[in-house]
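Keep the picture open while you read.

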Amino acid sequence: MLSEATVSRTVFPDGRVVHFIDNMTSQIGSNRVVPEPFSLVTDTAFFFFRSDRTLRLAGFNLTWSANVDTMPPIVANCPANIERRIELGSPNPKVFWIEPTATDVGGEEITVVIRSHQPRSEFAPGATAVTYVFSDSAGNTASCNFDIIIEILDTTPPGVICGDNIVLAVEAGTKEAVLFWDEPTATDISNLATVSQRTHTPGTNFSVGSTTVTYVFADRTGNTATCKFCVTILPALSNDDLLYRLMELLQVFFAANASTEDIQEATELVEEASRRDGFLEEAPANVDIVVDLLEFITGAGDAKVTEPVIRIVNNLMDLDADVLADSNSGGGRVVAALEEQISNVQTRKGNFSASLENLNVAAVKIDRNNIVSSVSFANLMPSYSTSSDNSSTVVEAITRLYADGDDVPVNQTAVAITIPAEVLDLFTREDAEAEEPKALPVPVSFVIYGNPVLFTPSRPTFNQSHADEHAYATFEERIISQVIGGAISNGVESSLEWPLNSSVITKFITNAALAEDEVVEVQQCVHWSYDDNTKEGYWSMEGCTSSPDDQGRIVCSCKRLASFAILVRVRKGSFKDQVALYFITLIGSAISSICLCMCLITFVSVRSYRTKQPTRIHFNLCLSLLGFYLAFLLSPLATGNVIRCSVASAFIHFFCLATVAWMTAEAVNMYFLFVQMKRTAIIHFVPVSCLLAYGLPAICAVTVAVLDRNSNLQDYCFLHPGPALYFGFLTEVAVMLVVNLVIFALISRKALCRPLMASKVRENARRNEILRRVRHGVLFWFILGLSWIFGALAILDTNTLIFDYLYSICISLQGLVMFLLLCVANPEFRKVFADQMQRVNTTRSLSTGADSSQSQLQLATLRS
């Protein structure tokens with residue numbers, strides 16, 4: 001019997017294990033019997049030693065000794081050399097690998113004693129050795145070594161600042177002309193870009209016609225960029241001739257008979273029209289012609305006109321926003337035309353890029369296999385500063401495409417857009433012509449707009465719920481950032497289910513540039529969308545969220561591809577003044593409504609009143625004005641509901657025009673009374689006036705309500721600024737106001753220049769005549785539109801609120817003034833009222849006398 005069993009092991013080089021069991025106390029079973037003779041061929045053998053640590057077996061004397069482990073750990077998954085290629089000027093990349101592991105043959109724990117680099121560490125250009133050393137408990141070590149090789153590539157072509165097309169008008173008969181121009185320049189991330197080829201130099205003679213001038217720039221690694229512009233020598237065209245030719249081409253396009261030559265000529269003339277000073281500014285209707293032709297040009301699908309189309313859009317972005325607002329086109333159609341043309345250029349092989357003063361376009365084919373986690377397009381500030389001024393033009397910055405969104409230098413970025421790889425997978429198509437499965441490159445386009453002048457929304461973005469507590473304030477929606485957009489155009493349906501955890505990320509530097517009396521109420525990330533029915537553009541917040549980053553930029557996350565920007569809602573004007581104007585208008589309108597009701601009751605109840613022609617005119621005038629006040633007071637209740645707001649807008653529109661129309665009818669009637677001196681009633685004057693004063697405004701209001709569907713989507717239920725307001729309301733009011741003023745001048749001249757009437761009581765007659773003229777003068781001013789004059793002056797005077805207060809007071813108190821002048825101050829009304837009061841008093845006296853006689857009779861009866 002043995003005691004104190006101890007187990008040890010020795011591993012032979014061939015991998016066989018021999019177990020030594022010392023001082024075994026238990027009975028040796030048959031399965032533990034040592035074979036005799038012993039052979040090392042056995043995989044595992046058991047040796048049982050005596051207490052003296054010796055054992056004689058098959059003629060061998062074995063002595064037990066301590067275990068000695070000489071086998072090193074076994075390393076697994078040691079990475080091969082890793083190569084990464086980065087663009088020149090990019091930050092050092094972060095490289096990830098799966099770390100190697102090690103095991104020991106005896107199952108002992110292995111520790112890492114040396115790890116030179118961690119995964120996701122930054123590596124400088126060149127070769128960097130990465131070392132892992134593993135060790136077991138016996139001190140045996142094994143290592144894993146591989147290299148991280150960062151190779152710098154310069155595949156970015158120089159950025160060329162190319163000049164515009166040159167068009168020179170020469171006199172008839174001239175065959176050639178000498179031209180000079182500022183030669184294009186180029187910048188490169190290697191700081192070296194030279195002209196390798198040019199077809200013409202400044203001072204060259206150009207023949208009549210079009211000539212393409214080409215410059216080729218190259219950097220030190222051979223990347224090239226080309227600048228092309230067209231020099232056109234044409235006989236001089238006046239603005240009238242240019243407009244006439246544009247209209248002729250427009251008729252050709254409408255007839256669907258446009259040839260390739262027509263498209264080329266239209267492109268050249270539209271570019272000339274967009275560049276010519278004053279051609280679009282002086283006649284907003286010309287903007288409609290240019291935009292119509294631009295849509296026809298891009299709709300033709302010709303990728304060759306992409307460069308001139310981009311130059312046309314760049315020129316249109318120099319227009320003032322009011323010029324586009326005064327036209328019927330709006331900038332949204334220009335944006336849609338540009339997007340269509342970029343889609344056209346994506347049908348060609350290769351990439352396309354253009355950088356102009358207001359516009360930067362990049363249309364590239366992206367291999368999904370080269371994208372790490374996302375692809376980004378950024379507009380880097382030239383000085384790499386973090387200034388919050390985003391007013392600089394696009395050309396002053398550097399645009400760059402990144403194959404990994406993590407490489408974008410955020411602190412150097414004015415605006416950037418990042419598309420995750422999962423979104424690219426959504427739009428990836430297989431190459432049907434390839435023998436083996438292969439994904440086609442994804443055509444991705446990016447556009448940066450230096451200013452938002454083209455993005456004129458057809459509807460407001462923020463609804464009434466954002467401003468309930470300031471419903472009486474004046475608000476304006478304003479873009480405070482550059483506009484950046486991304487699109488994928490490869491025929492894949494964009495209605496596919498969007499990846500759940502993937503969003504398009506945009507980052508913006510903002511500049512609100514608020515005036516002293518302006519306050520930002522709401523700030524939101526928005527994207528440009530198009531109405532399914534009208535195809536008009538508008539800003540939408542759907543699917544977008546925003547948050548600031550550590551450097552003051554606004555980070556937007558949206559579940560779509562579109563053009564993105566930062567939109568704010570600005571409250572304008574002094575808050576206290578807005579409150580005062582609101583309540584003046586509200587209280588005054590309520591008082592006027594009550595007074596107008598009293599006027600209508602008076603006109604109907606007094607028989608001598610309702611039979612006269614002037615009273616009938618006054619009745620309809622008061623009725624129209626009362627309808628306007630009621631529609632105005634009830635319109636806030638309709639805000640937020642499209643149908644109710646549309647109806648309220650139509651009623652306000654109708655009653656406004658009807659009120660002014662009855663003012664004109666009253667002026668015409670007074671003209672016949674005071675100037676023509678026709679005291680007898682004009683035949684059918686009131687029926688004809690009813691037909692015109694109610695019929696024409698009704699036709700106008702219904703027409704505008706049907707054609708202008710966006711007016712009822714405002715925060716207030718009335719026409720929004722645009723053609724509907726200008727031509728469907730203000731023009732009619734202005735015409736009738738001028739007619740009223742002319743008639744008022746004639747009546748005033750007739751009244752002031754006529755001699756005073758003689759009277760037996762001369763002083764009383766003089767006084768009565770002067771009072772009558774003063775009363776008529778005040779009445780004429782209010783009836784013939786003094787309030788509208790104050791309204792126009794309030795629009796023109798942006799420095800003070802004097803005319804705003806005068807307009808609010810006049811427009812809200814017209815009903816009160818009409819009641820005072822037409823009823824209270826009217827001698828005939830006072831006479832009727834006095835007779836009525838005398839009749840009432842007489843009735844009361846008779847009633848009192850009868851009661852007194854009856855009482856006396858009853859008293860006498862009782863006494864008797």
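Two strands pair if DSSP finds at least two bridges between them. The helices (H or I, at least four residues) and strands (E, at least two) are themselves DSSP runs, numbered from the N terminus. Before we start, note that this is a predicted model, where local features need pLDDT of at least 70, side-chain atom pairs count only at pLDDT 80 or more, and totals for chains, interfaces and linings use all residues. Residues are numbered from 1 along each chain as its sequence is written, and side-chain values use heavy atoms, with hydrogens and water left out.

E15 runs parallel to strand E21 (residues 224-235), and five bridges pair them. In that pairing, alanine 169 is opposite leucine 234 in E21.

Now for an open sheet of six strands: it reads E25-E24-E26-E30-E34-E33, with antiparallel pairing. Its edges are strand E25 (398-402) and strand E33 (544-548), each with a single partner strand, so one side of each is left without a neighbour in the sheet. From one strand to the next, the twist averages 15°. E33 and strand E34 (residues 554-558) run antiparallel and are joined by five bridges. Serine 546 faces cysteine 556 in E34.

**A disulfide**

A disulfide is a pair of cysteine sulfur atoms within 2.5 Å, and by this rule the count comes to four disulfides. One of them links cysteine 162 and cysteine 227, with sulfur atoms 1.8 Å apart. This link is right-handed, with 70° about the S-S bond. Cysteine 162 lies in the loop between strand E14 (159-161) and E15, while cysteine 227 is in strand E21, so the pair ties together parts that are 65 residues apart in sequence.

**Two helix pairs**

For the angles, axes are lines fitted to C-alpha atoms (for helices, over the stretch in contact), and angles run from 0 to 180 degrees between N-to-C directions. Angles under 35 degrees count as roughly parallel, over 145 as roughly antiparallel, 65 to 115 as roughly perpendicular and the rest as oblique.

| Helix pair | Angle | Axes |
|---|---|---|
| H10 (residues 613-638) and H17 (residues 814-824) | about 155° | 10 Å apart |
| H3 (residues 284-299) and H6 (residues 331-345) | roughly 20° | within 9 Å |

Contact means heavy atoms within 4.5 Å. Here His618, Leu621, Cys622, Leu625 and Tyr629 of H10 touch Gln814, Gly815, Met818 and Leu822 of H17. Ala, Val, Leu, Ile, Met, Phe, Trp, Tyr, Cys and Pro count as nonpolar, Asp, Glu, Lys and Arg as charged, and the others, Gly among them, as polar. What does that give for the contact of H10 with H17? Six nonpolar, three polar and no charged residues.

With H3 and H6 crossing at roughly 20°, H3 is roughly parallel to H6. Among the H3 residues in this contact are Val291, Asp292 and Leu294, and those of H6 include Arg333, Val334 and Ala337. The contact of H3 with H6 divides into five nonpolar, four polar and four charged residues.
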